[in-house]
Structures are given as structure tokens and as C-alpha cells.
Amino acid sequence: MTLKKIVSFLCFLAVCTLNAQEDRKFYTSTNILEIYKNTEETLTHQQNQLNKGWGFELNSLHGIFILKKFILSAGIGINFNVDEEYKSIPAILEVRFNLYDYGLDSPFVLLNTGKNIKIGSFLPGQTAKLGVGYNFESDYNFQYTIEIFKKSKTYYTSEVQDVNYNYPADGYGLSVGITF
């Protein structure tokens, strides 16, 4: 996925928001801070070494409601894997299903996936996340969000993206954020 496609999608969401009816939600924006602990048993390029690292990621996702319960979002984030000192900029697509309409005081499940953008010292690769969470309604337009998730990331540490030089960072984590 290219940055051009993400920008086009976000422009589409902005246009749709302008045409939305005022009596219901159409657009949503979620800002999430994730903290996760790596559980990968070995590094691919250094056999029999335990990965005790952890990381954090800050994401901003913008999406639209589909049939009041599904949210389709796109966004971008910044990720730091602390012990291994890897960092990435993931471009993310997310699908979320809320148990209740518009996610008001609602449990949800989510699946997101994306690619890390290669910019300067930020490493390319892939990212995926599967999780469950809950939206706590503050008012109709503002909510607090909490998630628990399983995350899988791969950082390409070589220009040739050879499997022997890739770093997997699988783990479990907790996210907190705001939705409006």
C-alpha cells in the first residue's frame, strides 16, 4: 500500500463526512497508544537467543461506519521496539466489529494489517494485529477505548529482504485511546 493510496482514502473519508447526516455518526477517528511485550522465542538471524524486548506504538486511525456496527479505517502510526532499537512507520488498514450500533458503550473485535514505510532509519516490513476491546462512552461524540491484542511484526533489516536477516517481533499487549 502506498502513501498516495492512504492519502486518497483519507480525502474520500473527509468528503463523505461533509455529506453525512447530522442525526447519526458516519465518521470516526481513533488515536491509540499500544504497549506490547515480545514473545518471539528466537531471532531468525541469531538462533537460540530469547527476545525479551518490548515496544510501543502510537496510531491514528480514521474510518467510516458501515451498517452501524462495522468500521473500516485507515491510518498511520509510529512504532518503537525498545530493546532491539528498531523503529517503523506502519500504514494500517483496520476492520472493527462493534456489538452495539456506533460502538457506544460496546465491546468490539478488530483486525488490522499494514506495511511499514521505509523512511530514513525507519525499517520496512509488515504488521498485523488481532484484538478485542471496549468503548466507554463519555458522550455521543467522545469515547475512551481499551484493547488487548496479539501483534505480529516483521522488520526487514537487510536491503535484500532475505529471510535470514528479518527480525520477527510477535507479542501481546494493551492499548488505551480516545475515539471521537
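Close-up 1. Tyr102 lies in the loop that runs between strand E4 (86–98) and strand E5 (107–117). Strands (E, at least two residues) are DSSP runs, numbered from the N terminus. The model is predicted: local features need pLDDT of at least 70, side-chain atom pairs count only at pLDDT 80 or more, and totals for chains, interfaces and linings use all residues. Residues are numbered from 1 along each chain as its sequence is written, and side-chain values use heavy atoms, with hydrogens and water left out. Phi of Tyr102 is near 60°, a positive value in a residue other than glycine. Is Tyr102 buried or exposed? Tyr102 counts as buried, because its relative accessibility is 9%. Buried means under 20% relative accessible area, exposed means over 50%, and partly exposed is in between (1.4 Å probe, protein chains only).

**Close-up 2. Leu67 in a loop with positive phi.** Leu67 sits in the loop between strand E2 (54–66) and strand E3 (70–81). Phi of Leu67 is near 55°, again positive in a residue other than glycine. Leu67 has a relative accessible area of 72%, so this residue is exposed.

Close-up 3. How many aromatic pairs does a search of the whole structure find? The search finds seven. Rings of Phe, Tyr and Trp (its six-membered ring) pair if their centres lie within 6.5 Å; planes under 30 degrees apart count as stacked, over 60 as edge-to-face and the rest as tilted. The ring centres of Phe56 and Phe80 are 5.5 Å apart, and their planes stand at 35°, so this pair is tilted. The pair links distant parts of the chain: Phe56 is in strand E2 and Phe80 is in strand E3, 24 residues apart. Phe56 is partly exposed, at 32% relative accessibility. Phe80 is also partly exposed, with a relative accessible area of 30%. Trp54, Phe56 and Phe80 form one aromatic cluster.

**Close-up 4. Tyr134 and Phe136, another aromatic pair.** The ring centres of Tyr134 and Phe136 lie 4.7 Å apart, with planes at 55°, so the pair counts as tilted. Tyr134 is partly exposed, at 28% relative accessibility. Phe136 is partly exposed too, at 40%.

**Close-up 5. Charges over rings.** A charge sits over a ring if NZ of Lys or CZ of Arg is within 6 Å of the ring centre and within 35 degrees of the ring normal. The charged end of Arg96 sits over the ring of Phe108, 4.1 Å from the ring centre. Lys150 lies over the face of Tyr172, at 5.0 Å from the ring centre.

Terms used: Helix = DSSP H or I, 4+ residues; strand = E, 2+ residues; numbered from the N terminus.
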